[in-house]
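Please open the structure in the viewer and keep a selection tool at hand.

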Amino acid sequence: MTTTAPNALVQGTLDLVILKTLSWGPRHGYAIARWIESTTDDALRIEEGSLYPALYRMQHRRWIAAEWGESHEGRRIKLYSLTPKGRTELRAQTARWGDCVVAMAKVLQSA
Amino acid sequence: MTRRGPLWRIPPDRGVDDELAGHMAELIKKYMADGLDETSARAKAAERFGDVSTVRDECSEIAHHIEDDMRKIEYAQELRQDVAYALRSFRRAPGFTLIAILTLAIGIGANTAIFSVVRSTLLRPLPYPNAEQLVQVWSDHRQRGREQPEWMTPPDFADWRDQNHTFSSMAAYQGWFPDLTSGGDPESLAGFLVSGDFFKTLGAAPALGRLLTTADDDPGVEPVVVLSHAFWERRFGGDSSVLRRVLTLDGLPYTVVGVLPKDFRTPMPVAADVFRATRRPANAGCGRGCVVLRVIGRLMPNATFAEAQSDLSDIASRIAKEYPASNDKVGAWLIPLHEQVTGTTKAALLALTGAVALVLLIGCVNLASLLLVRGAGRERELSVRAALGAGSGRIVRQLLTENAVLALAGGALGLLIGIGGSNTLGVLVPAGVRRVQEIHFDGGVLAFTAGITLLAGAIFGLLPALQTARGNFMGTLRNGGREMGPRGGTLRGRLVVPQLALAVVLLVGAGLLLRSFLLMERVDFGYRTEGVLFATVGLPQSRYPDAARIVGAMDGLLARIRANPSVRSAELVDEAPLTAGDQDITAIAVGEPAQGDHNNSIWYRAVTAGYMNEMHLHIVAGRTFTDADRAGGAMVGIVNEQAARRYWPGKDPIGRQLATSEAPDASKLTVVGVVNNARQDGPNQPYKSELFIPFSQLPSRGVTLVVEPSRDIAAATTAIRSALKATDAFVPAPHVVTIESLVGDTTELPKMYATLVGVFAAMAMLLAALGVYGVMAYTVSQRRREIGVRLALGAEPSAIRRAVLVQGGMLALLGVGIGLAAALLLGRALRALLFGVSAFDAPTFVIAPLLLGAMTLLASWIPAQRAMRVDPIIAIRDE
């Protein structure tokens, strides 16, 4: 299935990654996948299909907005962009993630 | 990235498919660019992407939710836009808006107010548990020639109560007006003697102590009373130590055992302070000849009204066979208690409901008509909107929003009017009914107001909105907005017809009620209706146990009052006219053939010698009473013309004798005079057979003083009070009213009904006139060019005016004709409210249409004048 690959992202982490991706500007789904791949050197190895339910869910929650646009080749594409609400969410999740990393590091170093 | 549109314009499923397919295509392209052949690129892309169909399903589901949200938001936005647009367009047409809102507010307000009265009185059950089981039980004397329900005799009541199979309980009551002489100022109280299960029958529970029970009926037990909550608070300050206190009532001790709850209402039209048990064996006293009791019963839960009626009828016919002398042709007459209490109010309230409904309906039609004009005037504006991409559905919604805003504004204002009105319109219901069924505004009335607001909005709004939206906007735009499709004009013309018809119905109704009231006002009562005061005086039995003492006290009292210079004359009567008092006995003409099936009841009054003179009753034959007609002397009486004709048809009644029953030892009296017929119970009540008896020969403790003031009312009132105080300081101060106020009371309700329906009819007529004017003015303005051409070709201006007037006349004829037919059908509903006129009263049916016809012509006159003055050159050039 979609999220059970070896390096599957924990539920919720994918949202943070997408929010972060969109913080640089509007992108369509394919571009988001490419950005994640190149930024992480494909370390996350997500199944790209799993991006879409996440995108739709976040759109429903009004974290991101979507509108139809046209690609350079004149193809109809759907562009996602961060809403103010999404930006707030991004900040909150980033902080939580940082706390989590620090905590994990302490646990692992204590061994 | 040039074209951007709202996302939801693309169906959600297709959006998802496009998006996912786009991703796959790019992925495949990327792998092919990396050097893979198409087949491997596809395989790799599929692997990289994961399961497409799962993703698609998941996404479509969310996409649908997103779309729903978007639709809601957009709808709200459009509504906000429409409302803002509506408010803007109303600001641009303040005159139209004001008229529209006021028309609606008055119509809705009137309906709300009347409905609150209807709901409180007619629709709400009486304030008793399972009130639908309660019935009033009467004797039926219709076969004996008495049309009104008759009270019951104590033995009949006992038989009916004990032998029936359909009542869970049955209770009797009668009025009781004791004087309270213990603890503080003496006071005349109003109350009831009730049989022990009275409160059980009504389902009342005490607020304090206990209520009466059947045990209290036993003459051997301690006499007790139960107090009303209002009396308890007024006299005892709501002190609970009142229990076990002993009150002296008519000189006898009664122990207070309980207080009724604040919201308890007796089903009688009068308020009561105290209740005591009858404490009398059912067969005591005057037996089966003496109708003194009123009876209420509670049906068993499984018994129907019809079963109860036939049950009691069976019992009544058994008694009739057993005691034919007293009970022959006496039946049982059951009336549901709710009907008994609200009785005569129903017809009036229904008539008023109809009247206000018609006013609202005419108002709505008028509004529809106004909106059609407005719509016609706005075709250009709407065409522009249509050209800019608004679909016709969108435009209808816009127009409906405007109408909804109007309806809401009218409804809100109407609600305020209605709340104010429901407080004042309570007077439409007799005080006696209002006492039991209090009138107030509640959630039900609010729901009603909301309902009629919606309904009104639909009636006046839908047709014009559809009509306007159906117009050919593009055509209008091309024609510079000048051309008006003929449909709107014709439709408006047709709308005038129902308006006129409804107005005729209202006008006829108002006319009938007004004629009734005027006839009632002009009725000759047969006695003076101004210039005397009535003062009720009651002597306590304890100090005035016998006739001699009563007559002595009354003589002294009258002498003292007459001696006062502020009084011209003073007399007394035991039951004054125009008050609820009503007493009758059976009387038989001695030596005359039996009256057969005739009712032998005669209504009697005991009066002092100068009473006839004082009241301006005139003696038609024989003589009036003198001071020589005293106790111990020969028993004498004066009958009215009706009684004279009934007992001695074609003969001179003077010197003949009346016996109070067929018994050989019955007391007989000699007729010494005949007095004119008089309407003792009010202008709309029939004459009765009457008998007057000298007060000294039939004295009673409760009387009404009839006093003619020589100067002003206040001085005479003081004279009466001080004379009573000098006669007996312990008798409560009398209640004094002018005869004018009693006369006014009798026509108060008819006057109010006539006035209200008259006001509604006037409103209807005004609205209809506006409607006619609007249509005619519109027609003339639309036909300006045609008129101009005709004038240019040499038509007479007066012929043009005539043509316009004829058109108005045709509308009037059609509307009035339909209205008259409807009025003929509906007039019957008013019958119960009419007096002296039939429901098909010819003058009303002639005058009402003439009035409306004249008004229609008047409303057409101004546009017709305008048509005549059209300047052909300007009219033609303008086009």
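Is B:R560 buried, exposed or partly exposed, and why? Select B:R560 to begin: this residue counts as partly exposed because it has 19 C-beta neighbours inside 10 Å. A residue is buried if 20 or more other C-beta atoms lie within 10 Å of its own, exposed if 12 or fewer, and partly exposed in between, with C-beta atoms placed from the backbone.

The model is predicted: local features need pLDDT of at least 70 and side-chain atom pairs count only at pLDDT 80 or more, while totals for chains, interfaces and linings use all residues. Residues are numbered from 1 along each chain as its sequence is written, and chains are lettered from A and ligands numbered from 1 in the order in which they are written.

**Around B:R560**

Show helix α18 (residues 547-563) of chain B, in which B:R560 lies. Helices (H or I, at least four residues) and strands (E, at least two) are DSSP runs, numbered from the N terminus. Leaving aside residues up to four places away in sequence, B:R560 touches B:A723, B:A726 and B:T727; two residues are in contact if their C-beta atoms, placed from the backbone, lie within 7 Å. Select B:A570 as well: its C-alpha atom is 9.7 Å from that of B:R560, although ten residues separate the two along the chain.

**Where the chains meet**

Next, display both chains: 23 residues of chain A are in contact with 27 residues of chain B. On the chain A side, α2 (29-39), α3 (51-60), β2 (64-70) and β3 (76-82) each give two or more residues. The largest share, six residues, comes from α3(A).

Now select α3(A) together with helix α3 (residues 52-92) of chain B; their axes are 9 Å apart and form an angle of about 10°. Axes are lines fitted to C-alpha atoms, for helices over the stretch in contact, and angles run from 0 to 180 degrees between N-to-C directions. The two helices are therefore roughly parallel, a term for angles under 35 degrees. Residues making this contact include A:Y56 and A:H60 of α3(A) and B:C59 and B:I62 of α3(B).

**The sheet of chain A**

Finally, select the open sheet of three strands in chain A, whose order is β1-β3-β2 with antiparallel pairing. Two strands pair if DSSP finds at least two bridges between them. Seven bridges join β2(A) and β3(A), and A:I64 stands opposite A:L82 in β3(A). Against this sheet packs α3(A), touching β2 and β3 of chain A, with its direction at about 115° to that of β2(A).

Terms used
Angles under 35 degrees count as roughly parallel, over 145 as roughly antiparallel, 65 to 115 as roughly perpendicular and the rest as oblique.
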